[in-house]
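Please read this briefing alongside the sequence and the coordinates.

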Amino acid sequence: PLKGLRAVSERSLVQAGGSETKSREDRKGGGGPGVRWMLGGEAQDLRDVWAGRGAAQVPMQGGLLLQHRVPETVVGGAPEGGVVHQEKKLEKERSRRGDNKGAIAAACLDLGDLYMTRDRLPEAKERYMEALRIFGDVEGEESERVAGGMTMTLGILFGKQGELDDALRMGKQALRLFRRVHGDEHRNVADALVSVGGLLFKKGHFDGAMAKFEEARAMYVGLYGEEHETVAAVLGSMAKVLNAQGKGAEAPAMLQKSLDIMTRTIGTDCDPVVMSLLSLGSSYAQHGMLKEALVRYEEGLGTVRRIHPEKTVMEGRFLDGIGSVCLEQGRLEEALSWYQEAHRMYRKTLGPDCAEARAMSDKAAAVLRMQSKVEDT
């Protein structure tokens, strides 16, 4: 009877192939005014992962590191209040006299970021395109910001909309520009390689994706050494490709290496490590390494509760994962308890009608049916 629920269990496990982190250069102030948010592998909407957090979070495509700054209005304020504030700021810049193109473009960029975080994609595209036109007039269409940074930003947006061909075209365009400007040993080039690799992965071109990830990893190692969070993130992306290529047995070791690098470089009580623990736990579970999976899930659950005492969706992911491991081990009563707790968490964070809560109800009901069959025998 366990096999009958296995498909449901596996669908519920988050395949968190990457992590979110500020780059070391930005934390130290050496990376300019920007804040870089990184996701290795497939894009994920961190608003869903960390519901309730007031952090600057921009959904990424395929490991892309966002180059321009995230507006301060995202951080710590009411979500929609930040949008309204930025909309008013843009109108104020438009109304100023004189040559104010640069300020208008920057305000468009910030507002586009905010729209992107809220999945208001058509509005984000409109503001990004306006910023692109202004920057093109001021700096020229072949400038690094226009042909590189803005092109990559629009590529993210196209990827979010499922327009993968357009996203890949823009990603490759940005990669060519960065190579021409910087050569082959520069952070922007490595970031663009990861972005293109992520898009190739989404399109099912696994060999091409792995080639891009491997090139990016070599570049990051040359720039920062093996012990760097960028290396850890791209290893997570490579592990996802291994799974897709049918080489999943190699994935847990690669994910463990990624996690080890993260804990040594940025510590244990942080979001990137939490997401890596979830990914590693899922990988172990998929390969029947249930004891190892349970250790990682429990470690991640403890960490997320410690650093996010408010209720978050991510806590529900770990509760779900632990329940699935208990189910596979035949511990039906414990599995039911974990699923019920995950159900409450999803209802609280995402609402009573969310798909995640319904999935937990289905799992709990399936466990109850299995318990009835056991009692009947």
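What follows is a short account of selected salt bridges and of the residues that take part in them.

This is a predicted model, in which local features need pLDDT of at least 70 and side-chain atom pairs count only at pLDDT 80 or more, while totals for chains, interfaces and linings use all residues. Residues are numbered from 1 along each chain as its sequence is written, and side-chain values use heavy atoms, with hydrogens and water left out. The structure holds 22 salt bridges, a salt bridge being a side-chain nitrogen of Lys or Arg within 4 Å of a carboxyl oxygen of Asp or Glu.

**Salt bridges around Arg-179**

- Arg-179 forms a salt bridge with Asp-184, in which the closest N and O atoms are 2.5 Å apart.
- The side chain of Arg-179 also meets that of Glu-215 in a salt bridge, with an N to O distance of 2.8 Å.
- This second pair links distant parts of the chain, since Arg-179 lies in helix α8 (residues 164-182) and Glu-215 in helix α10 (residues 206-224), 36 residues apart; helices here are DSSP runs (H or I, at least four residues), numbered from the N terminus.
- Arg-179 counts as partly exposed because its relative accessibility is 26%, the class that falls between buried (under 20% relative accessible area) and exposed (over 50%), as computed with a 1.4 Å probe on protein chains only.
- Asp-184 is likewise partly exposed, with a relative accessible area of 43%, and Glu-215 is placed in that class by its relative accessibility of 32%.

**Glu-91, Arg-94 and their network**

- Salt bridges that share partners join Glu-91, Arg-94, Glu-126, Arg-127 and Glu-130 into one network.
- Within helix α4 (residues 79-95), Glu-91 and Arg-94 are three residues apart, which is about one turn of the helix, and the salt bridge between Glu-91 and Arg-94 has its closest N and O atoms 3.5 Å apart.
- Glu-91 counts as partly exposed because its relative accessibility is 47%, and Arg-94 is also partly exposed, at 33%.

**Ala-103 and Glu-93**

- Ala-103 is found in helix α5 (residues 101-117), and it counts as partly exposed at 28% relative accessibility.
- Although Ala-103 and Glu-93 are ten residues apart along the chain, the C-alpha atoms of Ala-103 and Glu-93 are separated by 6.6 Å.

Terms used: Helix = DSSP H or I, 4+ residues; strand = E, 2+ residues; numbered from the N terminus.
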